[in-house]
Amino acid sequence: MIEAKDVSLRYPDGTTALTNISLRIEPGEIVYITGPSGSGKTSFLKLLMGIEYPSSGSLQVLGQTMSKDQAAVIRQLRMQMGPVFQEFKLIKGRTALENVVMGMRFLGLPTKQIYEDACIALAKVGLEHKSLAYVENLSWGETQRVAIARAIARKPALILADEPTGNLDVENALNIMDLLTSLKDEKTAIIITTHATHLIDSSTEGKLLQMETGSICWERLGSV
Amino acid sequence: MTNLLHNIGYFFREAKTIVRLNLLSNMVSLISTGLIFFILAMVVAGWWISIDVIEVIQGEAEINVYFDESLNAADLQDLIKGIGSIEGVREVRLVDEKEAYARMEEILGEEARVLEFFEDNPFNPFIEVKIHLEQITSILEKLTSTQDVAYVRDNQEILERLRSLSRVLEFSGYLAAVAVGISTLVIVSHMIRLEIYNNREQINTLRLLGAPESFIGLPFLIVGILLTLSGGLVAASMSHLVLNQIYAQMAGPLPFIPLPPFAAFARKLAALIILLSIGLGLTGSLVGLSSEKGN
């Protein structure tokens, strides 16, 4: 599903964001990427989404080589991804349901199915009663959950969650982590970046990657 | 394509939301577009009326051919027939002495008393030749070389001026229409770019979710067309009212100016402005969208 070989990322201003990242992520895996701010977590997710391209090394996501000359194909590849952005990126002036539906309209599904799946996704995140509320009227935690609903309603092969617990209190953060891990199935890989290592204990299932200054410094397999 | 058709209702709802969320800015855009289309409508109306007037005047363009008075009736008929067959001649008619006298009386009005000093009718019969103005030179060449033609009064200088005026009017009409058309295009494309800028976060999010450019762009295209169409409708209504006033004003002091019939003229103008507003809205929106692609 994801295969990175010696991937490095250098920005045009000369800043090195990632150095020689090599990893393999299979369908059904949950991967937590932790590390302090500036360690390269978000940069790595940007590579996976095709927002940035590797400066060197090779990266394959969902069978597609991620390189600048493949930009048009990568754009289509994003339809198989369910991103949860750090700053949510919900569309203002629209309801929670409209936001979820908007992320699915171009997937080629029948309208009825789009609305059914969107309602199911909102129910999964516990927001079925707020589906007709405008997103600007929702609380921080609710907005976060709408963003997750938008990602999962698309039934993606790859869920990418960038700091999904940022700015949440411990209880809400744990709820979000539980929610994300509950989405695990044999086809979907889930990648979660977080600097809140206290939310990941030994009972947490999945792979843990610790990043520092653009490199993976250690990784643990199986139960974290 | 099927995907776009399935979402057609969504695109219109989204266009409505885009307008609603930036209502003030869109109202200003609508008023600006309405005003610029109104200016275009007035320029086109002035142009069309001028051309119509010139055409009517051109229709009156005529040459008087004086002939050898010793010609018998049969030869005169042959001459008239010969002139009628010259290319560019629309109508040929014999004006006899009596008609020539009556015409002069009409022209002189109260001063016609001066004609009473003549013992005999001082006017000669002539052949009145109505022509297509653009062919005046070749017609004159042929007439002067025709046997039995004694003298040709051509009013060429006046007719040439008329022809130049017609050319200038036509050219300035095209120029004004093109200038206003380009301005509209620039304003509309800028308006769309502004809409895109105002909604850049939404566009960016949809791109990150993998939405195709056509899916992202269509609501903006609809907004552009709806705004310019509304502007066109406002302009068509305003120009209808203004033209109605102008017709009413001109009917009094300037009744001799042959204006085209109002109802048909206003309908034609409204149809043109509405079609142009759709066309320019579509083009301007496409220009705006393509210039913002990849930003």
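Two residues are in contact here if their C-beta atoms, placed from the backbone, lie within 7 Å. This cut-off is needed at several stops of the tour, which runs through a predicted model.

**Whole chain.** Start by selecting chain A and colouring by confidence. Chain A has an average pLDDT of 87, and 96% of its residues score at least 70. Among its elements, helix α3 (residues 96-102) has the highest mean pLDDT, 95, while strand β10 (residues 215-220) has the lowest, 77. Where pLDDT is low, the predicted coordinates should not be read in detail.

Now switch to a cartoon view. Chain A contains six helices and 10 strands. Its C-alpha trace spans about 45 × 40 × 35 Å along the principal axes. A compact globule of 224 residues would have a radius of gyration near 17 Å, and the 17 Å of chain A agrees with this. Of the 224 residues, 42% count as buried. Of the contacts in chain A between residues at least 6 apart in sequence, 66% join residues at least 24 apart.

**Helix α1.** Select residues 41-49 of chain A. Seven of the nine residues of this helix are buried, so helix α1 is largely enclosed by the rest of the structure. The buried residues are A:K41, A:S43, A:F44, A:L45, A:L47, A:L48 and A:M49. Step on to A:G50, just after the helix, where phi is positive at about 75°.

**Helix α4.** Next select residues 111-124 of chain A. Helix α4 has 14 residues and reaches 20 Å from its first C-alpha to its last, close to the 20 Å expected at 1.5 Å a residue. Show the side chains of A:I114, A:D117, A:A118, A:A121 and A:L122, which are buried. Turn the view to look down the axis of α4: these buried residues fall within an arc of 135°, so they line one face of the helix. An α-helix has 3.6 residues a turn, so residues three or four places apart point the same way.

What covers the buried residues of α4? Then look at the face of α4 turned away from its buried side, which carries the exposed residues A:K112 and A:Q113. Just after α4, A:G126 takes a positive phi of about 75°.

Terms used
Residues are numbered from 1 along each chain as its sequence is written. Chains are lettered from A and ligands numbered from 1 in the order in which they are written. This is a predicted model: local features need pLDDT of at least 70, side-chain atom pairs count only at pLDDT 80 or more; totals for chains, interfaces and linings use all residues. A residue is buried if 20 or more other C-beta atoms lie within 10 Å of its own, exposed if 12 or fewer, and partly exposed in between; C-beta atoms are placed from the backbone. Helices (H or I, at least four residues) and strands (E, at least two) are DSSP runs, numbered from the N terminus. pLDDT is the predictor's confidence in each residue, from 0 to 100. The radius of gyration is taken over C-alpha atoms; the globule rule is 2.2 Å times the number of residues to the power 0.38. The expected span of a helix is 1.5 Å times one less than its number of residues. The arc is that of the directions from the helix axis to the C-beta atoms.
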